[in-house]
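Subject: Structure for your review

Dear colleague,

Please find below the structure that I am handing over to you, with its sequence. My notes on what was found in it follow directly after.

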2 protein chains.
Amino acid sequence: MIIPVEWTDEGVKMLDQRLLPTEEKWLMLKTYKEVADSITDMVVRGAPAIGVSAAYGVALGAQNFVGTNMADFEEEIDFVSQTLAKTRPTAVNLFWAIDRMNRTFQTAKADGKSISEIKQILIEDSKAIHEEDIESQRLIAKFGGELLADNSTVLTHCNAGALATGGVWGTALGVVRGAVADGKSISVIADETRPYLQGARLTAWELLQDDIPVTLITDNMSGHVMKKGRVQAVVVGSDRIAANGDVANKIGTYMVAVLAKQHNIPFYVAAPLSTVDLNCPTGEEIPIEERNIREITHVRDIQLAPEGIDVSNYAFDVTPNDLVTAIITEKGVARAPYSESLRKQFEE
Amino acid sequence: MIIPVEWTDEGVKMLDQRLLPTEEKWLMLKTYKEVADSITDMVVRGAPAIGVSAAYGVALGAQNFVGTNMADFEEEIDFVSQTLAKTRPTAVNLFWAIDRMNRTFQTAKADGKSISEIKQILIEDSKAIHEEDIESQRLIAKFGGELLADNSTVLTHCNAGALATGGVWGTALGVVRGAVADGKSISVIADETRPYLQGARLTAWELLQDDIPVTLITDNMSGHVMKKGRVQAVVVGSDRIAANGDVANKIGTYMVAVLAKQHNIPFYVAAPLSTVDLNCPTGEEIPIEERNIREITHVRDIQLAPEGIDVSNYAFDVTPNDLVTAIITEKGVARAPYSESLRKQFEE
């Protein structure tokens, strides 16, 4: 059972995902700044896992506050929250978790709680966010697992597994695990997912741990394997879903979606409702992170491209809602028109 | 001016493309076996370059024959040809060049030439194949360059440049160079082309040499850059074109073609007629090479994927003719229906 981030009495325990699959190293983060750096540097990644980590970051920042003045405490929490919010722009779960922690702070303050009581309340709420995330995934696994046929192969892109979430199930890989838990025989084709290789390093590693058959391919092979009839469903996670059902996810997801459509293969998105941003009307408004070009030009110290080359390194893309067969959340399976079905899930 | 393979008095001089872009090392191949290994190990790659190299391999095998008996000489040439033919399965230029060299041998033998005369005739014919290849590319550049608009950006996949051919122009990059030679301002977006990174290592290197603006992306970004309106045309090379215009090319080409169609971007294939295989009715009959999985699981000695993972490593895919806007050869611009237009080019 994989749980990539955990609250402990010593600090936030976090699996260093940069070193997988060849090394399994756990870090103990003692400050909110260390948590923020871990998100920026992709020690932890995946929208739900970033959300859980940010909540723990706020709790850690509060815990480490040494003053006795409530206004100073509030200022510190605000500063911690702003620092954490600047780590990465696309995954909305980050902002969702920070907002929730701040609302919890405001409620506790309004209720006249002391600084030390609020510190404890924030720790409890961050742990609750984590538990709710795992419970959401369990439900996503259940609802999504029902959509997969026995003896079928799922293609997935990037890692939307236990490693990308609070742990245990995962979102896209939760759907696979849900089907397997129902007794279905499912195998997975994992895109390697350049440049950061989350598919090769993380999805492959995770599924090997669970004895779920997995075959690794390069990103540019997904069209070919679909054409050969090797894929019965595509399941991916998401970093942010707009109110109209447009889906921001790891760069390359859009290509997979276009190819799935071309081959009449269902394209499912699995994500908790905390990934849905009703304030974003369409995918056009979702900010797309561009990352350091060294991720593309080098693998560790090995130079792959000529010196001085121009590089574009978009970390995400947007898949328009008309390419999405269904969105699986902890509330069930939403289908088009998503502006209605997603809103309804929030109201339930 | 890049010429990746050359006949010299000492043997076949070949640029080791495995070491680019960080090292420019030339090998001197003294035997046909060294030429065959260079093709298998991808010291040289790209269909037209493989064809030229194989022709030189036959010439080298003949030159190194030490006997005086014509039957033994013929047997040796046959053995050399078979060895070279087993190096790689997909690029038809390999078989085309070997066949031509064998026909030249048979003609010379029938004409009563001596072994030493035939050795010289084979060297001359291999050099002629090389010169004709460069002339074909010059014409491809001319015809193809006319199709590109001024101030446009071309997306290309893999390396179909001077490095992939007998040299100077290239096929897909020949089209770019042809447009630039016409005074047009053209920039290129190069897919890195996993797993062998011909785009990052070779296309980027080649275009930097020529001061043609180039931006490197990962393979999974091509959909996103098309969606953003950054691409006005796609131009790729080919390893084998079936009689009906189905195009085998580097893995990932099919995905780019589907995406080009989705975005109404013209998808051009540039290749000499020696790449067209009229004996192959459709793309279904083109053998698709599968290569060592270590190309995907490792970059040099760095392990990217978990030990024991299953991997598919298809080196090529087939783009159906209905996704191909035009095929540019040394005879001109062929359009659908290709079964007619390609056959007509052979008859001209």
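Two strands are said to pair if DSSP finds at least two bridges between them. On that basis, a hairpin links β1(A) to β2(A) through two residues. Please bear in mind throughout that this is a predicted model.

The hairpin of chain A

Strand β1 of chain A covers residues 5-8 and strand β2 of chain A covers residues 11-15; the two are antiparallel and are paired over four bridges. Within this pairing, Trp7(A) is placed opposite Val12(A) of β2(A).

The contact between the chains

Chain A contributes 56 residues to the contact, and chain B contributes 56 residues. About 4700 Å² is buried between chain A and chain B, and carbon and sulfur atoms account for 69% of that area. Between the two chains, 20 residue pairs are in polar contact, both residues being at pLDDT 80 or more. On the side of chain A that touches chain B, several elements supply at least two residues each, among them α7 (198-209), β6 (214-217), α9 (253-262) and β15 (316-319). The residues of this side comprise 30 nonpolar, 15 polar and eleven charged.

Two salt bridges are found across the interface of chain A and chain B. One salt bridge pairs Arg194(A) with Glu192(B), where the closest N and O atoms are 2.7 Å apart.

How are the two copies related?

A sheet with strands from both chains

Strands of a sheet pair through backbone hydrogen bonds, in either a parallel or an antiparallel manner. An open sheet of eight strands runs in the order β14(A)-β6(B)-β5(B)-β4(B)-β7(B)-β10(B)-β16(B)-β17(B), and its pairing is mixed. The edges are formed by β14 of chain A and β17 (332-334) of chain B; each has a single partner strand, so one side of each lacks a neighbour in the sheet.

In chain B, strand β16 (residues 326-329) is paired with β17(B) in the antiparallel sense over three bridges, and Ile327(B) stands opposite Ala334(B) of β17(B).

Salt bridges over all chains

The structure contains 28 salt bridges over all chains. One of them joins Arg100(A) to Asp125(A), with the closest N and O atoms 3.1 Å apart. This pair connects distant parts of the chain: Arg100(A) belongs to helix α4 (residues 92-110) of chain A and Asp125(A) to helix α5 (residues 115-145) of chain A, the two residues being 25 residues apart.

Backbone details

The peptide bond between Ala336(A) and Pro337(A) is cis, with omega at about 0°. Pro337(A) is located in the loop between β17 (332-334) and α11 (338-347) of chain A. In chain B, a cis peptide bond leads from Arg194(B) to Pro195(B), with omega near 0°. Pro195(B) is found in the loop between β5 (186-191) and α7 (198-209) of chain B. Thr193(B) lies in the loop between β5 and α7 of chain B; phi of Thr193(B) is near 70°, a positive value in a residue other than glycine.

With kind regards

Key. Residues are numbered from 1 along each chain as its sequence is written. Chains are lettered from A and ligands numbered from 1 in the order in which they are written. This is a predicted model: local features need pLDDT of at least 70, side-chain atom pairs count only at pLDDT 80 or more; totals for chains, interfaces and linings use all residues. Side-chain values use heavy atoms; hydrogens and water are left out. Contact means heavy atoms within 4.5 Å. Buried area is the accessible area (1.4 Å probe) that two parts lose on being put together, summed over both. A salt bridge is a side-chain nitrogen of Lys or Arg within 4 Å of a carboxyl oxygen of Asp or Glu. A polar contact is a pair of N or O atoms within 3.5 Å; within protein, one must be able to donate a hydrogen and the other to accept it, and residues adjacent in sequence count only if both atoms are side-chain atoms. Ala, Val, Leu, Ile, Met, Phe, Trp, Tyr, Cys and Pro count as nonpolar, Asp, Glu, Lys and Arg as charged, and the others, Gly among them, as polar.
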